[in-house]
Amino acid sequence: MTARDLVLATVRRSLGVAGTEAPRRAAVAARLADHPTGVVPARGRLAPAARIDLFARMVEGAAGTVECIAEPSAIPQAVAAFLRRHNLALAVRHGDDPRLAALPWERGPLEVRRGASDGNDLAAVSHAFAAVAETGTVVLVSGADNPTTLNFLPDVHIVVVDAADVAGDFESVMARLRERFGPGALPRTVNMITGPSRSADIEQTLILGAHGPRKLHVILAGSH
Amino acid sequence: MGETMAERKTRHVGLFVTCLVDLFRPSVGFAAVKLLEDAGCTVEVPRQSCCGQPAFNSGDRATSREIAAQVIDAFAPFDFVVAPSGSCAGMLKIHYPELFRGDPNWQPRADRFAAKTHELLSFLFHVCGVRAVAARLAATATYHDSCSGLRELGLRSEPRALLGTVAGLKLAEMHDANVCCGFGGTFCVKYPDISNAIVAKKAANIAATGASLLLAGDLGCLMNMAGKLQRDGSAIAARHVAEVLAGMTDEPAIGAPHAPSGPAP
Amino acid sequence: MTEGTSQTAAAAAPLGIAKAATHSASTQCFKGNAKAALGDRDLQNALKFVEVNFIARRQEVADRLPEFEALRDAARDIKDHTLAYLDLYLEAYERRMTEQGGNVHYAVTAEDARNIILDICRKLGARAVTKGKSMVAEEIGLNDFLDANGIAAVETDLGEYIIQLRHEMPSHIIAPAVHLTKAQIEGDFRRAHSDLPRERNLEEPTSLLAEARSVLREKFLAADVGITGANFLVAETGSSVIVTNEGNGDLTATLPRAHIVLASIEKVVPTLEDLAQLLRVLARSATGQEMSVYTTLTTGPRRAGDLDGPAEYHVVLLDNGRSAMLGGEFRDMLRCIRCGACMNHCPVYHAVGGHAYGWVYPGPMGAVLTPALIGIDQARDLPNASTFCGRCEEVCPVRIPLPKMMRSWREREFERHLSPAAARWGLAFWAFFAKRARLYRLATAVAARLMALAARGRGRFRHLPLASGWTRHRDFAAPQGATFQSQWQARRGAARGNADPPGEQGARP
């Protein structure tokens, strides 16, 4: 008997089932296929403009910063301005995300490098898959477009979110993940990020910048 | 049967006096009787010992069931069972049905018994409709929420509402009024040092209110808190809330000497 | 605890495995531990913060969400549903995660899990391992075992890193170093980071954190294998989920060549929607945040075209007694999502802290889970050291009836005669009278008079021989003199109310 057999057999014995019962299998199959929605807070159920307001407020409440850029072409300048404001080197790394690649980086003073982080980047720019207004969370997926290491190794993480991608609640984003990756499938990593890294492990003093980025800056693109 | 009694406005109450009140402070029992009679109830006290909680919380289910059966039997003739203790009322109301779950003979009896059992202040307020008392006491008091009364029975606003009608009485809320005092029945004798740490915090919170009088609805909690206050040399007196509501505060406070020079605080 | 060997695990365990001295449980020393804790001034100061901060923050964030109570019900129901079908959800999870390129390993016992993980590390030629915070890893004593077998495993969560330096167990499941002062941590860093300049300033928490960040950054980048726990496993997608604030868990999972997840079997939830329900109550109940900074779903190894991520992804599914719990009165304990709210609200935990409980899981959840995992005979004090105040159950996001389960352990203990003889005798003596109301009334009437006399009008005792535990710290009020029942009999006479109640003389159960 393998360990697997033993564990499942003990589980079944404890539950008083054989495991082959059709109604049980049907119940589980149904829940997995139908993925019923539970309690969704009313908080995120807002019209788009109000939703974006809520999202921005929640990001700030989690010690992140937000700015709205109506024209995507202005994003590289906004990134440069942000770095300057914080006395940081004018250099960023980003992945192969076409939305970022299409931006006029060459017009600005920024030194731009592509790819995953090697641990020496001070600032990175990612494009979010979506965002969740109810908690001020940005959702990023792994891949060459937005390598996961950019979310964690640099000191500063700048996340571009399309205003149209700001959902009210988590369930909406989960539905979109299903649409994009297929039912039951996900990329290697889905990061749901709310504010910069922090720890309160020393005398319960809250400090930002534990192991991940010290700053999280959200650029809401296509909004006012 | 209950509804008919309510219509006739005479409620026949069996008083579950509680073992601590019975042994240590009968004046609480007499205060309860007065409050119940003033509210139009007739009160009788069948022979009784204990609700069985010490056995129950020590894991002795057999003894608990035996005692519970006796209590249910003894109180069978009454429309209502009333106890001046959240912890005993919780035992009777919440845990007796648990003890007999699945027993075809006793479960229905336990359920009926539980349905007619009430903590004293809850009974006065919700069943008898008492909203004010005629007592007067010039003092500043603070009220401790005993855990069972609060969390098992939802008792919180009723004591405060009724105390608010005692002429001359000011209520000062303590910090963490709803936090355990560290009594916990057998806990305080099994883990006395931890119990002491918990009651020390409670005593500090009581003293910080500036009140001269500590009130609660459970004698176990009161003896624990009073004992700590006295050992600390505090002059704060402790009484059961029923005594104040019944205007029966001539007896010495809990743990106080028996020959007071004047009216007790 | 599940006995029995597992052929696969045994076959996988290579020869020459050094047995580790795992953190031995000191659950037998609760009273001694508690006494030491009560006298530890640094600990008592630290515990004050626990009491004030965690409770207020949870209340604030709960007040801000009108649906919070409904979400607690939903979370409880999701866990109950999953447990009722756990075998099928484990199979579904396994199928999905294997399809996505992951490797599943079932472990019946702690030893099996340790051996599986060591085997994976050895196959990879791993020397350096980074670890995210995992209570299950503490449960199986993983670090010491790897260390004894020549593999250095570094804790990367700041609190866990600090206690690893001190060779201590965590004292809280969310904030493992909550019992330490800043000064103690500075002392540990100076000792451990001896190559750094001695005159550096480490007075402020910010400087301590900065130092940990740079020391651990090197470890993250050098690690061959990263080991994390899992807050949840999602059957629908075959994903493991970690909920953190520091980013260390994600660096542990992303940078090395291989990522190993160690998760106990009850972590499974069916769907992403179910995950959302549980996430909404987890951070709120734990730290008073609406969401933790990093909530990460990990599914399989890196994909073709990915620029980062581990080439291998392994999930070790640990039983270690949980499957047995499913069939009994402690099943509801498997709903636990390890938020720590119960211990944050517990007056006993506030008094003695987490180490007093002697093992990985402290507070109310520890009092119920520890006996289930290591046996009630090893941990009898834990479910006994409770006043049953009920605050734990009041705040548990999945509504586990913790006091009731502690009482169930006391019942087991009573049945097996494990309680101290003095307690049994005391209870038996009391029960003899309590079961005989007439005799009880007589005996108490006598006792009341005797005690009142002994108090000589002072109204209280400063010392009471049979209650020395009480009178060590408190005065003990004397009886007023005559019991209520004897006074009632005297006042009302035999005519009213003190005769045997007529009517039902129901059969004793």
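How many residues of domain 1 of chain B are in contact with domain 2 of chain B? There are 26 of them, and they meet 22 residues of domain 2 of chain B; contact here means C-beta atoms, placed from the backbone, within 7 Å. Keep in mind that this is a predicted model: local features need pLDDT of at least 70, side-chain atom pairs count only at pLDDT 80 or more, and totals for chains, interfaces and linings use all residues. Residues are numbered from 1 along each chain as its sequence is written, while chains are lettered from A in the order in which they are written.

**Domains of chain B**
- Chain B splits into domain 1 (2–126) and domain 2 (132–245), with bounds from an automatic or database domain assignment.
- Their C-alpha centres sit 23 Å apart.
- By class, the domain 1 side of that contact has 14 nonpolar, 10 polar and 2 charged residues (nonpolar is Ala, Val, Leu, Ile, Met, Phe, Trp, Tyr, Cys and Pro; charged is Asp, Glu, Lys and Arg; the others, Gly among them, are polar).

**Chain B meets chain C**
- Here 73 residues of chain B are in contact with 66 residues of chain C.
- Helix 5 (residues 61–74) of chain B gives the most to the chain B side, with 9 residues (helices are DSSP runs of H or I, at least four residues; strands are E, at least two; both are numbered from the N terminus).
- That chain B side holds 37 nonpolar, 19 polar and 17 charged residues.

**The sheet in chain B**
- An open sheet of 4 strands runs in the order 6-5-7-8, with parallel pairing (strands pair if DSSP finds at least two bridges between them).
- Strand 6 (167–171) and strand 8 (237–240) are at the edges with a single partner strand each, so one side of each lacks a neighbour in the sheet.
- Strand 5 (residues 136–144) and strand 7 (residues 213–216) are joined by 4 bridges.

Notes
Two residues are in contact if their C-beta atoms, placed from the backbone, lie within 7 Å.
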